[in-house]
Amino acid sequence: MGREVVRLALDAGLDVTVLSRRPPSGTSRAHHDGARYFQADVTTGAGLAEALRGADVVIDCLEGQFGKARKNYADGGARLLAAASGAGVRKAVLLSIINCDRSAAAFYISKAAKERVYATSELETVVVRATQFHSLVAAVFHAGAKVRLIPVFKGARFQTISPSDVAFELVAEGMGEPSTERHRTRTIGGPDIRTMRELAEIWRKTTGHAGRIVEVPLPGAMGEYLRKGLNLVPSQRTGIDTFESWLAKREDSL
Ligand SMILES: NC(=O)c1ccc[n+]([C@@H]2O[C@H](COP(=O)([O-])OP(=O)(O)OC[C@H]3O[C@@H](n4cnc5c(N)ncnc54)[C@H](OP(=O)(O)O)[C@@H]3O)[C@@H](O)[C@H]2O)c1
């Protein structure tokens, strides 16, 4: 997602600085000419002040999915915002996940904790909660297809969105005029709501992968989140790219 944001921001003529623990080398596919790369770590705070010097807006696409990274996820956000505030940044935009505060899954709990850090920051902050990306369900199908089984979670529906549509919203929020509200949250979703089986059928037909579509139960808090449809936002069909159109151009899209 960060790479997609960088690409769009450069296209918009913005001056872009990228912060990560392992910035890509100049020859890497992940490297965008025109952006400046800084090595920094939000867990320790190392390099943050240097990376943020002169920045007006921060767009936070950080991840911390497992173990210590998940435990430190919200604190990392606080460290980033404190450094941003010290550097004179005027606005921070956080990418988060739809209804993360309504799930008992540890991953979502960490997302909601970080949202609260943003809600209490002294900076102007915007939380953009997105539905699941097209690339997420495609990755699940791809992993299963290696053993010729394409898994679909029982009862799950998705409103997947393309990473570039999410990036567009993040950059637009970042570039927007200062708001009278110090903190806002908005939720964005993809254009269609489909069962996971329908998505699997589209994926199999479009990619030509072989494999039997198998229904599997998804227990626990994540299963409950999906069964309750907390991953859907029918009133906010913000994304333009459908799963099919995203798959058709997946060579140059994330
Ligand atoms: N996948 C979905 O369907 C979905 C839906 C809605 C929202 N989201 C959210 O969107 C966000 C971006 O997702 P993604 O798939 O693009 O994640 P990703 O590919 O894992 O990228 C995360 C980035 O964070 C950097 N990072 C991680 N720990 C860091 C640290 N301690 N200090 C500095 N940089 C650090 C990583 O770079 P280094 O490793 O080089 O540090 C990497 O550039 C996540 O918060 C995710 O939960 C995802």
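1. Axes here are lines fitted to C-alpha atoms, for helices over the stretch in contact, and angles run from 0 to 180 degrees between N-to-C directions. Helices (H or I, at least four residues) and strands (E, at least two) are DSSP runs, numbered from the N terminus. The model is a predicted one, in which local features need pLDDT of at least 70 and side-chain atom pairs count only at pLDDT 80 or more, whereas totals for chains, interfaces and linings use all residues. Residue numbers start from 1 along each chain as its sequence is written.

2. Helix α6 (residues 134-145) and helix α8 (residues 196-207) have axes that come within 10 Å and cross at roughly 70°. The two helices are therefore roughly perpendicular to each other (angles of 65 to 115 degrees count as such, under 35 as roughly parallel, over 145 as roughly antiparallel and the rest as oblique). V137, A138 and F141 of α6 meet M196, L199, A200 and W203 of α8, two residues being in contact if their C-beta atoms, placed from the backbone, lie within 7 Å. By class, the residues of this contact are seven nonpolar, no polar and no charged, where Ala, Val, Leu, Ile, Met, Phe, Trp, Tyr, Cys and Pro count as nonpolar, Asp, Glu, Lys and Arg as charged, and the others, Gly among them, as polar.

3. The sheet is open and has four strands in the order β3-β4-β5-β8, with parallel pairing; two strands pair if DSSP finds at least two bridges between them. Because β3 (57-60) and β8 (183-188) stand at the edges with a single partner strand each, one side of each is left without a neighbour in the sheet. From one strand to the next, the twist averages 15°.

4. Between β3 and strand β4 (residues 91-97), the parallel pairing extends over four bridges, and D60 stands opposite L94 in β4. Helix α4 (residues 73-86) packs on the sheet and touches β3 and β4, its direction making about 170° with that of β3. Helix α7 (residues 163-175) lies across β3, β4, β5 (124-130) and β8, and runs at about 155° to β4.

5. Besides lying across the sheet strands, α7 packs with helix α1 (residues 2-11) at an angle of about 55°, the axes being 9 Å apart. That angle makes α1 oblique to α7. The contact involves E4, V5, L8 and A9 of α1 together with P163, S164, A167, F168, L170 and V171 of α7, and its residues divide into eight nonpolar, one polar and one charged.

6. The axes of α4 and helix α5 (residues 106-119) come within 8 Å and cross at roughly 25°, which makes α4 roughly parallel to α5. Y73, A74, G77, A78 and L81 of α4 form the contact with S110, A113, K114, V117 and Y118 of α5, and the residues of this contact comprise seven nonpolar, two polar and one charged.

7. As for the ligand, 20 residues surround it, and the closest are M1, S20, R21, E63 and L136; a residue is near a molecule or strand if its C-beta atom, placed from the backbone, lies within 6 Å of it. The shell around the ligand has 10 nonpolar, six polar and four charged residues.
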